[in-house]
Amino acid sequence: MDQQDLYGLLLQHVARHIQLTSEEQQYFVSLLKPRRLQRRQWLLQAGDICRYEYFIVQGCLRSYITDRNDVEHVLHFAIEDWWITDLESLLTQTPSQVSIEALEPSCVLQLEREALQTLYQKIPAFERFFRILHQNAYLAQNRRILQNISHTAAERYEAFLERYPAIAARVPQKYLASYLGMTPVFLSQLRNHKAGK
């Protein structure tokens, strides 16, 4: 993957929200560090302090927590052109309760917390960019909570398929079931029922 491929997707992503000069683009890119992950490799492990915002250039990742009974609960999925982090750990610099794992071979661009603060000072438009990013993440999380409270499992599955068809096709069934709050067996039944329609 050449430099254009590596940074091009992110610069297009940023341009949808804020306008940058070519000098500002170059400065932004200079702060990023590429990182490649193998399938099943952690980007962040619970107990570590999150130090980066991560933009996904290639691949699919999940964030999850493990409860006291050693059961994993999937919080988020992220694919190309998305960001992922543990915002609480990043902002408070306290140990993360979340793990982030690559579900496929992946490539991310890391933006370090300190570099982010410098970016806000040098290019104030990035404060707006990340505010929009975090607002959208909050809205998506709020939507998910409301769906979990007020929708049936079948309705949650249908809504996910409609909103995120690319993710549904890429993630293992057990992780999708965990995200949707159901057993893999029940998800399999829903899929078979849908396929039989």
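Colleague: Where is S89 found?
Modeller: S89 lies in helix α3, residues 87-92. Keep in mind that this is a predicted model.

Colleague: Is S89 buried or exposed?
Modeller: Buried. The relative accessibility of S89 is 1%, and the cut-off for buried is under 20%.

Colleague: What is the phi of Q93?
Modeller: Positive, about 55 degrees, although Q93 is not a glycine.

Colleague: And how accessible is Q93?
Modeller: Q93 has a relative accessible area of 22%, so it counts as partly exposed.

Colleague: What about R40, what is its phi?
Modeller: Near 75 degrees, so R40 is a non-glycine residue with a positive value. R40 belongs to the loop between β1 (32-37) and β2 (42-44).

Colleague: Is R40 buried or exposed?
Modeller: Exposed, because its relative accessibility is 51% and the cut-off is over 50%.

Colleague: New topic, the helix pair. How do the axes of α6 and α8 cross?
Modeller: They come within 10 Å and cross at roughly 115 degrees. Helix α6 covers residues 153-163. The crossing of α6 past α8 is right-handed.

Colleague: Which residues make that contact?
Modeller: From α6, R156, Y157 and F160. From α8, L176, Y179 and L180.

Colleague: What kinds of residue are those?
Modeller: Five are nonpolar, one is charged and none is polar.

Colleague: Which residues of α8 are buried?
Modeller: Helix α8 runs over residues 173-180, and Y175, L176, A177, Y179 and L180 are buried there.

Colleague: What comes just after α8?
Modeller: G181, with a positive phi of about 75 degrees.

Colleague: Over to L20. Where is it placed?
Modeller: In the loop between α1 (3-15) and α2 (22-30). L20 is buried, since its relative accessible area is 16%.

Colleague: What is L20 in contact with, beyond its neighbours within four places in sequence?
Modeller: V14, Q25, I123 and F126.

Colleague: How far is L20 from Q141?
Modeller: In sequence, 121 residues. In space, 29 Å from C-alpha to C-alpha.

Colleague: Now the whole chain. How many helices and strands does it have?
Modeller: Nine helices and eight strands.

Colleague: What box do the C-alpha atoms fill?
Modeller: Roughly 55 × 35 × 30 Å, along the principal axes.

Colleague: How much of the chain is buried?
Modeller: Of the 197 residues, 41% count as buried. The accessible surface is about 11100 Å², and 51% of that belongs to carbon and sulfur atoms.

Colleague: Last one. Among contacts between residues at least 6 apart in sequence, how many join residues at least 24 apart?
Modeller: 71% of them.

Methods:
Residues numbered from 1 in each chain as written. Predicted model: local features only at pLDDT ≥ 70, side-chain atom pairs only at ≥ 80, totals over all residues. Heavy atoms only, no water. Buried < 20%, exposed > 50% of the residue type's maximum accessible area, 1.4 Å probe, protein only. Helix = DSSP H or I, 4+ residues; strand = E, 2+ residues; numbered from the N terminus. Axes fitted to C-alpha atoms, helices over the stretch in contact; angles between N-to-C directions. Left-handed = near helix turned anticlockwise from the far one by under 90°. Contact = heavy atoms within 4.5 Å. Nonpolar A, V, L, I, M, F, W, Y, C, P; charged D, E, K, R; others polar. Areas by Shrake-Rupley, 256 points an atom, 1.4 Å probe, with all protein chains shown as cover.
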